[in-house]
Amino acid sequence: MTDHARSPRTVLAACCVPWDDTGALVEPLFRDSIAGLAAHGLRDLYVFGTAGEGYAVDEPRFDHVVDVFADEARRHGVDPMVGLISLSLPAVIGRIERCAARGIRSFQLSLPSWGALNDAELATFFAETCGRFPEAAFLHYNLGRSGRMLTPDDYATLAAEHPNLVAVKHTRADYATVHRLFARAPQLRHFFTEAMYSYASLVGPAGFLVSIASVHPRLAREYFEAGVARDTDALMATCAELLDLSAALRRAVGPGPHMDGAFDKVFARMHDPRFPLALLPPYQGASDDAYEAFRGALRAHHPRWLEPS
């Protein structure tokens, strides 16, 4: 498969943010979690996606977390990527400016979600982000919460207009859409989560947006590498396991709705039992009982996904 994408083919992983009982950052634990992911071979890291609670932070928290994240990421040779989630375009621009002043050049964009953007508004949003900051590189986070899911044709138009739009995170894409994404916007690196990565990697040079597979980073990388090698047997077998893990997690956490961070902080605690499960209010994290139930399900049915303690 010819690869024309503007960014490397890799595994993209979220960093969750640990909060204490007052909602303040637990800095030593946050640094340890970043170092742990990097040490386990997950070196393309970002903060403040949905799992990182980028929708919930105020400006002082945003700046504090970004400072710590950027410092620790660079300590381990990782280029920090920062997510931008806000209803306010001026707030997004301000965050980019402050991050740029700290030497950060990689950003993850989400569309404003109070109302779905029309075509003219969509063009303005990307002009005021990608167009305003040509020295930066942008990934678009294509998710239903934004009110508008962008199509392969949308990405073809935006990629032609903005050479610094380099990648997309897809959380909901069907088989037909996967084919059209690679056909219409091959300049962009398309990242898919566990369920769709197995198929997408057989169609084109897909990136892997790791979610539940992060419970065992080495196995997550093996799944990614099976996609690069187009090893169908390994892909299908691992995908089936990961779908079973996802079902076990949802049973453990219980009926929702839950923000993504409620699940991702369970993964973080799998690596460090000190990691708090709480989300910033008003959102509800998973319970200690849910964590223990999920860990028990792995021990009983998928022990290879439990890292040795």
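Predicted model: local features only at pLDDT ≥ 70, side-chain atom pairs only at ≥ 80, totals over all residues.

Colleague: Fine. How much space lies in the largest pocket?

Modeller: About 730 Å³. A pocket is an open set of points on a 1 Å grid over the protein atoms alone where a 1.4 Å probe fits, with protein on both sides within 12 Å along at least five of seven lines; lining residues have an atom within 4 Å of a point. The volume is the space filled by probe spheres set on the points, which are joined across faces, edges and corners.

Colleague: Which residues lie nearest its centre?

Modeller: Thr171, Thr193, Ser211, Arg250 and Asp260, out of 28 residues lining the largest pocket.

Colleague: And which helices supply at least two residues of that lining?

Modeller: H7, H9 (232-253) and H10 (260-271) each do, and H9 gives the largest share, with 5 residues. Helices here are DSSP runs of H or I, at least four residues, and strands are runs of E, at least two, numbered from the N terminus.

Colleague: What about the second largest pocket, what volume does it have?

Modeller: About 500 Å³. The second largest pocket has 30 lining residues, with Leu37, Phe267, Ala268, His271 and Asp272 nearest its centre. Strand S1 (11-15), H1 (27-39), H10 and H11 (288-301) each give two or more residues to that lining, and the largest share, 6 residues, is from H10. By class, the lining of the second largest pocket splits into 17 nonpolar, 7 polar and 6 charged.

Colleague: H10 came up for both. At what angle do H9 and H10 cross?

Modeller: Roughly 105 degrees, with the axes coming within 11 Å. That makes H9 roughly perpendicular to H10, since 65 to 115 degrees counts as that, under 35 as roughly parallel, over 145 as roughly antiparallel and the rest as oblique. Axes are lines fitted to C-alpha atoms, over the stretch in contact for helices, and angles run from 0 to 180 degrees between N-to-C directions.

Colleague: Which residues make that contact?

Modeller: Leu249, Arg250 and Val253 of H9 meet Phe263, Val266 and Phe267 of H10, where contact means heavy atoms within 4.5 Å. By class, the contact of H9 with H10 has 5 nonpolar, no polar and 1 charged residues.

Colleague: And H6 against H7, at what angle do they cross?

Modeller: H6 (175-184) and H7 (194-203) cross at roughly 40 degrees, so they are oblique to each other. Tyr175, Val178, His179 and Phe182 of H6 touch Met196, Tyr199, Ala200 and Val203 of H7.

Colleague: Switching topic: which peptide bond is cis?

Modeller: The one from Pro281 to Pro282, with omega near 15 degrees. Pro282 sits in the loop between H10 and H11. Also, Phe48 has a positive phi, near 75 degrees, though it isn't glycine.

Terms used: Residues numbered from 1 in each chain as written. Heavy atoms only, no water. Nonpolar A, V, L, I, M, F, W, Y, C, P; charged D, E, K, R; others polar.
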